[in-house]
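Here is a colleague's note to read with the sequence and the structure side by side. Please find each residue on screen as you come to it.

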Amino acid sequence: MASRLLVALIGIPLLLGVLIFSPPIGLAVAIGVLSAIGVYELLWQTGYVKHFVLLSVSALVGAAVPFWVYFNCNIIAAVAVMLLYLIVLFSAAFASHETVTLGEIGASVFAGVVIPALFSTILLLADLDHYRCFTLLPFIAAFGSDSAALFFGMTLGKHKLAPVLSPHKTVEGAIGGVVGAMLFCAVYGVLLRVFFQISTNYAVLLAFGLLGSVVSQFGDLTFSYIKRQFALKDYGHLFLNHGGVLDRFDSVIFCAPLAVVMAYTLTFFRF
């Protein structure tokens with residue numbers, strides 16, 4: 001309990017500081033560092049990929065993806081990097097005399113490109129006017145859903161949601177997570193209106209809370225699925241008893257792309 005409280009006391013102000021006060025380049029650096037750590041957690045901690053070249057190059061690519069998004073690099077640059085990345089991966093496989101499998105190469109690409117790319121969509125929110133209002137959205141929905149799901153699951157939970165993947169999750173907790181995310185989003189809109197005179201579209205905010213909770217819980221189950229494949233309790237211990245990067249940000253990784261899609265197609269706020 002003490003370590004969880006310590007992480008919360010340090011981690012929450014630090015996260016808010018980066019999201020609210022840091023310029024977008026600072027956010028890109030933070031996501032780059034977290035992505036590189038996430039690559040390590042997914043490949044090394046699971047024990048699935050321990051080849052030095054696959055691991056190090058994938059971590060490097062994972063750290064670079066947020067900067068590709070930040071600098072709005074074109075598709076040609078992405079194709080060139082992906083070509084070089086695959087050449088390096090398969091060259092390492094050739095040199096390993098067939099000890100490196102296709103599955104390991106696929107896992108490396110998933111960890112090094114797919115996860116950082118989803119995580120880096122937060123930087124697309126930073127391209128919007130008054131971006132600080134938007135970059136908070138995936139964290140509010142995801143963390144609000146997680147907290148409410150935990151509370152409702154502990155107090156009312158009776159029916160298992162996915163007993164094999166996550167034995168502690170319940171249907172009641174999942175429903176509570178949806179309600180909690182919607183409530184947190186609505187409160188966020190009220191705070192923006194009261195303290196910053198920002199007009200809020202509550203219908204869109206509530207819709208985001210609902211859908212954000214659903215995809216957040218899906219993200220949680222996705223990374224739980226991977227953990228169960230390798231009999232892991234946590235991906236790491238960067239956040240002490242809270243686990244590693246993928247334990248803490250699994251729901252955000254799925255919620256951030258949804259926030260981008262909705263922010264670019266619907267009106268959350270009027271300034």
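This is a predicted model: local features need pLDDT of at least 70, side-chain atom pairs count only at pLDDT 80 or more; totals for chains, interfaces and linings use all residues.

1. Residues are numbered from 1 along each chain as its sequence is written, and side-chain values use heavy atoms, with hydrogens and water left out.

2. Begin with helix H2 (residues 24–45) and helix H5 (residues 102–119), whose axes come within 9 Å and cross at roughly 150°. Helices here are DSSP runs (H or I, at least four residues), numbered from the N terminus, and axes are lines fitted to C-alpha atoms over the stretch in contact, with angles from 0 to 180 degrees between N-to-C directions. H2 and H5 are therefore roughly antiparallel to each other, a label given to angles over 145 degrees. Their contact, meaning heavy atoms within 4.5 Å, involves residues including Leu34, Val39 and Leu42 of H2 and Phe110, Ile115 and Phe119 of H5. By class, this contact has 11 nonpolar, three polar and no charged residues, where Ala, Val, Leu, Ile, Met, Phe, Trp, Tyr, Cys and Pro count as nonpolar, Asp, Glu, Lys and Arg as charged, and the others, Gly among them, as polar.

3. H5 also meets H11, and the axes of H5 and H11 come within 7 Å and cross at roughly 70°. H5 and H11 are therefore roughly perpendicular to each other, a label for angles of 65 to 115 degrees. Ile115, Leu118 and Phe119 of H5 make the contact with Leu246, Phe249, Val252, Ile253, Ala256 and Pro257 of H11, and by class there are nine nonpolar, no polar and no charged residues.

4. Helix H8 (residues 137–156) and helix H10 (residues 202–229) pack at about 65°, with their axes 8 Å apart. The residues of this contact divide into six nonpolar, five polar and two charged. Leaving out residues up to four places away in sequence, serine 145 touches Ile140, Gly177, Ala181, Ser213 and Gln217.

5. The largest nonpolar core has 65 residues, and those with the most contacts inside it are Phe134, Phe208, Phe268 and Phe269. Such a core is a set of buried Ala, Val, Leu, Ile, Met, Phe, Trp, Tyr and Cys residues joined through side-chain atoms within 4.5 Å. Helix H11 (residues 245–265) gives the largest share of this core, 12 residues. Among the residues that phenylalanine 208 touches are Leu137, Cys185, Leu258 and Phe268.

6. Most residues other than glycine have a negative phi, yet phi of histidine 130 is near 55°, a positive value. Histidine 130 lies in the loop between helix H6 (122–125) and H7, and at 47% relative accessibility histidine 130 counts as partly exposed. Phi of alanine 231 is also positive, near 55°; alanine 231 sits in the loop between H10 and H11 and is exposed, with a relative accessible area of 72%.

Terms used
Helices (H or I, at least four residues) and strands (E, at least two) are DSSP runs, numbered from the N terminus. Angles under 35 degrees count as roughly parallel, over 145 as roughly antiparallel, 65 to 115 as roughly perpendicular and the rest as oblique. Buried means under 20% relative accessible area, exposed over 50%, partly exposed in between (1.4 Å probe, protein chains only).
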